[in-house]
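Please read the following report beside the sequence and the model, and look up each residue as it is named.

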Amino acid sequence: MTTADLRRSGLRRSAIAAAVRSGSIARVRRGTYAARGTCRAVREAAVHGGVLGCVSAARHLGLWTLAPEGETHVWLQADGHRFPHDGCRCVDHWDAAPSRGRLAAASVPRILRQIWLCRGVEEFFVAVESALHLGMLTPEGRAWLQRTCGDGAREALEAAGADSESGLESLLRWRLRGTGIALRAQVLIAGVGRVDFLLGDRLILEADGAEHHGSAPARHRDLLRDANAAAWGYVTLRFEDAMIVHDWDTVRAAIDGLVAAGIHLDHG
Ligand SMILES: [Zn+2]
Ligand SMILES: [Zn+2]
């Protein structure tokens, strides 16, 4: 909140000062205040001179993002001022928009466009699918993106749908597009249980999270699942989800090797 926002809501200067003393609001920097409980990222963007933008704004809204969490992407509008601060690792975004005030939050389409410009097409596609899945991107917003993002984003906007239930699923869909390999997520297989992904008819792709490592019971359960799957004619590829995101060449080579041998298709 700016001082003007607080004044508009009927608070006098003396009342603002009293609220700061009592701790119900905190002064972030000159003319800028945060309510108690404001998220760290929102506060940091305000310290830096703007509002959350790009992947940081997307994460704050609950959209999937692939970018590391360490840096805060800040939207400074076109005419803002940046205020470097202790530990500042902020990424500045200077795109212009009709101003609704210095601390007005970025709209979902604007956030997505910033991701397109800053992070590239893969992360854009993942964020767009996430926004569609959560009902946060309207047809008008999508049309605005078609108009303002240019040709490179068009394929992603046309391919995006609302069915993807995780960022990893969207990423796999994008990276496997054009291969002709059918991908389904969260498939229930008799005798095995629910698997993360099924490629074609018979190739299971499991993505293990970081919390998975080093747990003996979890490892035993996985080995049992893989054995059961094999008994039913399935082949399992198992990766850490970070490998799927960051070491795609290795993952893709493994998939291609099995697909080339026709392992993924049901010949029965
Ligand atoms: Zn950015
Ligand atoms: Zn900063």
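Cys118 counts as partly exposed because its relative accessibility is 32%, where buried means under 20% relative accessible area, exposed over 50% and partly exposed in between, computed with a 1.4 Å probe on protein chains only. Two further cysteines can be set beside it, together with a glutamine discussed below.

| Residue | Relative accessibility | Class |
|---|---|---|
| Cys54 | 0% | buried |
| Cys90 | 13% | buried |
| Cys118 | 32% | partly exposed |
| Gln186 | 38% | partly exposed |

This is a predicted model, in which local features need pLDDT of at least 70 and side-chain atom pairs count only at pLDDT 80 or more, while totals for chains, interfaces and linings use all residues. Residues are numbered from 1 along each chain as its sequence is written, chains are lettered from A and ligands numbered from 1 in the order in which they are written, and side-chain values use heavy atoms, with hydrogens and water left out.

A disulfide is a covalent bond between the sulfur atoms of two cysteines. Taking as a disulfide a pair of cysteine sulfur atoms within 2.5 Å, a search of the whole structure finds zero of them.

An automatic or database domain assignment divides the protein into domain 1 (1-38), domain 2 (39-159) and domain 3 (178-260). Between the C-alpha centres of domain 2 and domain 3 the distance is 32 Å.

Helices (H or I, at least four residues) and strands (E, at least two) are DSSP runs numbered from the N terminus, and two strands pair if DSSP finds at least two bridges between them. Strand E1 (residues 25-29) and strand E2 (residues 32-35) run antiparallel and are joined by four bridges, with Arg29 having Thr32 in E2 as its bridge partner. Two residues lie between the strands of this hairpin, where Gly31 takes a positive phi near 75°.

A nonpolar core is a set of buried Ala, Val, Leu, Ile, Met, Phe, Trp, Tyr and Cys residues joined through side-chain atoms within 4.5 Å. The largest such core has 34 residues, and those with the most contacts inside it are Leu112, Ile115, Phe124, Val128 and Leu137. Among the elements that each supply at least two residues of this core are helix H5 (108-119), helix H6 (121-133) and helix H8 (151-159), and the largest share, six residues, comes from H6. With contact meaning heavy atoms within 4.5 Å, Val128 touches Leu112, Leu137, Leu157 and Ala160, not counting residues up to four places away in sequence. Apart from this core lies another, of 20 residues, including Leu203, Val245, Val251 and Ile255.

Cys54 is placed in helix H4, and its phi is near 55°, a positive value in a residue other than glycine. Gln186, which lies in strand E6, also has a positive phi of about 55° although it is not a glycine.

Six bridges join E6 to the antiparallel strand E7 (residues 193-199), where Leu198 is the bridge partner of Arg184.
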